[in-house]
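Welcome! Please take a moment to look over the sequence and the 3D structure before reading on.

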Amino acid sequence: MPELLLELFSEEIPARLQRRAAEDLKKAVTDALVEKGLVYESAGAFATPRRLALTVTGLPAASPDTREERKGPKVGAPQQAVDGFLRAAGLSSIDEAKVQSDEKKGDFYVAVIEKKGAPAIEILQEILPATVKSFPWGKPMRWGTGRLEWVRPLRAITATFGPEGEEPDVVEFELGPVTSGNTTFGHRFMAPDAIKVRRFDDYVQALERAKVVLDIDRRKQIIKTDAEQLAFAQGLELIVDEGLLEEVAGLVEWPVAMMGSFDEAFLKVPEEAIIATIRANQKCFCLRDASTGKLANKFILTSNLIAEDDGKTIVAGNERVIRARLSDAKFFYESDLETPLADNLPKLEDVVFHAKLGTQAERVARIEKLAAEIAPLVGADVDDARRAAKLSKADLPTGMVGEFPELQGLMGRYYALAQGEKPQVATAIEEHYKPLGPSDRVPTEPVSIAVALADKLDILAGFWAINEKPTGSKDPYALRRAALGVIRLIVDNELRLRVLDLVESAAFFVEELPSGVLAGPEEVSAGLLSFFHDRLKVSLRDSGARHDLVDAVISSDSDDILQIVSRVNALGSLLDAEDGKALLAGYKRAANILTAEEKKDSRTYSGAVEIASLSTPEEQSLAAAVEQADTDVTARLENDDYTGAVSVLASLRTPVDAFFEKVLVNDPDPAIRANRLNLLASLRDTMHLVADFSKVAG
């Protein structure tokens, strides 16, 4: 079957846009093909710095004929309705419609619309230019005198269509000064001549011969493999950086890995600063000594060509730039060390955190107070927590952090250790930002936990107080991430903390701001507790917990996150077992009966059971089991033994099954009936000690 080959050849496309652009091109073209009735077998999209390419295989030679019957107004309807029907159906006269009869609705008009299929190449001539013109580049540009917009100047378009084994046709169309054809171009320097192509297979091979690797993932693999081999030969290991690898693969069409070096004296600078310098300025990979794990004074660069001098000039140029950049980093580091961190604190008074939330200095003061309150709750020394919180932002005015903002906190740790601060204080300065995402490490040192919680709670309380909450997909201040960070700090460290108490303290300190606060501590606390519930549900669901179990465990005033997580896990274990499934079925039956009877009787059954009035062995057995279970569950919950509490509930399965098998709840005697309904209510209330089973599916 015929195949489409499309290439949009341009000046260099930014690396960060390439992969998404390739997928957007595939989606736009294939969606349009399907809409036109051209169903395909497969499609693939590719990107290099200078081209987007698409292949679509298994296309039919033409779209199918279609026949549609469109129902119109009744016979005798107003002329306005008839005219609208004719326009919609594309008919020139009502005589072209046929009349159909309906026993209930009478006679009405029907238009039979038949469309002949169109050749696929004609459809492509319509689809392809429309796709290019409407392509979703974030910031397209114009060039020359034309009106066409593309991310960079578009230089050529290759568009061919035809069956295998035959010479394909060119899909002819024009976009500004560019006319489609069957010609592309190879590597800008090593093979710049025009290349005539037919279909995708020979297109890929022709590009390879012209020093262009079309697939970005293959370019990534080439870079990684060659870099690892160069490193291995020197007894070194590559520091793999997936983000940098993706970026570098988007900068080259023919990747060639080379190794360079820098002066060992620069290794006195913290290795994170060296890596950040080399990565940011030269897009190079750093290396470690395979035997010691220490940073080596060598790096891997990726060239876009095979140099005549084996890359000596390219390597020397990169070494010269890196030497200059590392000299700057060394100067920043040594200069920063000369100034005690505490001496930077006055500078924070001139740094605005948020117009309504004050300066960084004011924020640090709030974090310090909050960390001191949290410290005893997590086993941290109060003075250490205060000191770490006080210095937590003191590295922001430093030269190194000014140059590389991503090193904030980390450089604070280096400076703090060098200036004689306690190790736990220095560690907390670095870790108080963590965790920054779901894969980031969670602090475990008590002082770090206290300051990290204080930092995140202050952010949340502050923005809640000024009514700057996340809306929809917008979260400019990363408040969702902050809330998830609090949750992970509590859960991963198994902390028994009342979130509401922490939030109230944070909200109280925020309220001391002179202006901008729109909500008081109570309103902030209530809103944030609900927000934590939402984030906790997301976190638990992402970890595999059933959404209904989360809803069953969380109530409006639940503020013990560790308790919620423990209950969800225990409840999940119960309902995965047969006893749990059967008990849930019995609960649902009891709850349904109670709901119906309470509605009918206009009263609520409280669960006060008259033991002497229980006449059957099954109801006596269930009453005894529920009474014992209530006592045992309460005792286990007081000791935070949720697994034990759930196992107690599981023991109710047998008496519940026996009760519903042998006992008629709605006995003719009103007193017996009411007593049995109270028994079911006591069962419901006992199970609700652990979770609201009415919210559990099943």
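This report visits some backbone details, a helix pair, some aromatic rings and one leucine.

## About the model

This is a predicted model, in which local features need pLDDT of at least 70 and side-chain atom pairs count only at pLDDT 80 or more, while totals for chains, interfaces and linings use all residues. Residues are numbered from 1 along each chain as its sequence is written, and side-chain values use heavy atoms, with hydrogens and water left out.

Helices (H or I, at least four residues) and strands (E, at least two) are DSSP runs, numbered from the N terminus.

## Backbone details

Most residues other than glycine have a negative phi, and most peptide bonds are trans. With that in mind, have a look at K434 and P435, which are joined by a cis peptide bond with omega about -5 degrees. You can find P435 in the loop between α13 (423–431) and α14 (446–465).

K283 is not a glycine, yet its phi is positive, near 55 degrees. K283 sits in the loop between α7 (271–282) and β15 (285–289). N467, also not a glycine, has a positive phi of about 60 degrees, and its place is the loop between α14 and α15 (479–492). Buried means under 20% relative accessible area, exposed over 50% and partly exposed in between, using a 1.4 Å probe and protein chains only. K283, at 26%, is partly exposed, and N467, at 49%, is partly exposed.

## A pair of helices

Now turn to helix α20 (residues 578–601) and helix α24 (residues 670–688), which pack with their axes 9 Å apart and at an angle of about 130 degrees. Axes are lines fitted to C-alpha atoms, for helices over the stretch in contact, and angles run from 0 to 180 degrees between N-to-C directions. The two helices, α20 and α24, are therefore oblique to each other; angles under 35 degrees count as roughly parallel, over 145 as roughly antiparallel, 65 to 115 as roughly perpendicular and the rest as oblique.

Which residues make the contact (heavy atoms within 4.5 Å)? Those from α20 include L583, Y587 and A590, and those from α24 include R673, L677 and L680. By class, the contact of α20 with α24 has 10 nonpolar, one polar and six charged residues. Here Ala, Val, Leu, Ile, Met, Phe, Trp, Tyr, Cys and Pro count as nonpolar, Asp, Glu, Lys and Arg as charged, and the others, Gly among them, as polar.

## Aromatic rings

The whole structure holds 14 aromatic pairs. Rings of Phe, Tyr and Trp (its six-membered ring) pair if their centres lie within 6.5 Å; planes under 30 degrees apart count as stacked, over 60 as edge-to-face and the rest as tilted. One of the pairs is F135 with W150, tilted, at 5.1 Å centre to centre and 45 degrees between the planes. F135 and W150 both lie in the loop between α3 (120–133) and β7 (154–162), so the pair ties together parts that are 15 residues apart in sequence. F135 is buried at 9%, and W150 is buried at 0%.

The rings of F463 and Y477 are stacked, with centres 4.1 Å apart and planes at 15 degrees. F463 is buried at 3%, whereas Y477 is partly exposed at 32%. Elsewhere, ring pairs link F46, F200 and Y203 into a cluster.

## A leucine in α1

L33 lies in helix α1 (residues 15–35) and is buried, at 0% relative accessibility. Leaving aside neighbours within four places in sequence, L33 is in contact with L38, V56, L59, L124 and I127.

Note on methods
Contact = heavy atoms within 4.5 Å.
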